Amino acid sequence: MSGILSGLEKFGLGSLKSIEIYKEKETEIKQDNNDVGGRIMGISEESILFDKSYTCPCCGENFKSKAVRVGRNALVRLDSDLRPVYKFADATKYDAIVCSKCGYAGLIKNFDSISDRHIKDIREKISAKFKGIDETKTTYSYEDALERTQLALISTVIKCAKNSEKAYVCLKLAWITRGMKENLDNAQPDYNANYEKLDKNELNYLKNAYEGFSEAYMNEQFPICGMDENTLCIILAETARKLDKKHEALRYLETVIMSKNATDRMKDMARDIREQCKE
């Protein structure tokens, strides 16, 4: 898990950066492209955002977080692992919600999902040390998004969420890192070094996402994180391919290609990934 949560020191949570993502539940049991994201056609990233109100399930505080207006962000394409790429703003940057008072965080779809017994853990392990987060910015940079999503991962681990939920946050971290790579200025002298560093970080996040999703595929019921089996198999296959686990990738792809429920588009994606594996 080396480096996956580096940078938490600024929030007062440096002691948690080496936490084991997929072993926390066991412990608890024992204890009981160029156009993308820029200013295009007069539409800025800031203009399609608004302040959405939330109530923290841990401390009861009302706060606001930046969100993308529905219907204002045009989808350009899907990456081979189903990462959505938008025209005006990278929506993945706005998926993580952070309570500015107590530090509890989560992805939008899972933010309110926490039990009373784990609220106590969040207060002891996060809130007691949390130094706060800057909520005055009009947009979130990729660095902001990475930090916010790391905080979501910490909360997800501490509240002993399912492996699939932890894996989904790791996948989001990988997608954010990929966005950072795509937006690097190749005219800068340190471009190659920065790109290589981000590339390694992305693979590290993908490795953790693959580990959690693989466990979830075997032990959890569908839908998993809102995904059916074919969707998850595409993500698992493409991630396995990038991690040089081609035999595992082919196994997941075969599930999609042979499925009676998969759409033609999904099967075409599976065949494309299969050809890349053979190459």
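Mentor: Helices α4 and α5 are roughly antiparallel to each other, because their axes cross at roughly 160 degrees. On this scale, angles under 35 degrees count as roughly parallel, over 145 as roughly antiparallel, 65 to 115 as roughly perpendicular, and the rest as oblique. Helix α4 comprises residues 163-182 and helix α5 residues 191-219, and their axes come within 8 Å. Each axis is a line fitted to C-alpha atoms, for helices over the stretch in contact, and the angles run from 0 to 180 degrees between N-to-C directions. The crossing of α4 and α5 is left-handed; a crossing has this name if the near helix is turned anticlockwise from the far one by less than a right angle, and is right-handed if clockwise. In the contact of α4 with α5 there are 14 nonpolar, six polar and five charged residues. Here Ala, Val, Leu, Ile, Met, Phe, Trp, Tyr, Cys and Pro are taken as nonpolar, Asp, Glu, Lys and Arg as charged, and the others, Gly among them, as polar.

The model is predicted, so local features need pLDDT of at least 70 and side-chain atom pairs count only at pLDDT 80 or more, while totals for chains, interfaces and linings use all residues. Residues are numbered from 1 along each chain as its sequence is written, and side-chain values use heavy atoms, with hydrogens and water left out.

Helix α5 also packs with helix α7 (residues 246-258), at an angle of about 45 degrees and with the axes 14 Å apart. That angle makes α5 oblique to α7, and the crossing of α5 and α7 is left-handed.

Helices (H or I, at least four residues) and strands (E, at least two) are DSSP runs, numbered from the N terminus. From that end, the elements follow the order α-β-β-β-β-β-β-α-α-α-α-α-α-α. Of the 279 residues, 49% count as buried, where buried means under 20% relative accessible area, exposed over 50%, and partly exposed in between (1.4 Å probe, protein chains only).

In the loop between α3 and α4 lies C160, which has a positive phi of about 55 degrees although it is not a glycine. C160 counts as buried, at 10% relative accessibility. D244, in the loop between α6 and α7, also has a positive phi, of about 65 degrees, and is not a glycine either. With a relative accessible area of 59%, D244 is exposed. P223 is found in the loop between α5 and α6 (229-242), and the peptide bond from F222 to P223 is cis, with omega near 5 degrees.

Rings of Phe, Tyr and Trp (its six-membered ring) pair if their centres lie within 6.5 Å; planes under 30 degrees apart count as stacked, over 60 as edge-to-face and the rest as tilted. By this rule the count comes to eight aromatic pairs. One of them joins Y54 and F63, which are stacked at 5.8 Å centre to centre, with 25 degrees between the planes. Y54 is buried at 11% relative accessibility, and F63 is buried at 6% relative accessible area. F63 also pairs with F111, edge-to-face, at 6.0 Å centre to centre and 70 degrees between the planes. Because F63 lies in strand β2 (residues 62-68) and F111 in the loop between β6 (105-107) and α2 (116-127), the pair ties together parts that are 48 residues apart in sequence. F111 is buried, with a relative accessible area of 2%. Y54, F63, Y104 and F111 form one aromatic cluster.

The charged end of K93 sits over the ring of Y142, 4.9 Å from its centre, and that of R251 sits over the ring of Y252, 5.1 Å from its centre. The rule for this asks that NZ of Lys or CZ of Arg be within 6 Å of the ring centre and within 35 degrees of the ring normal.
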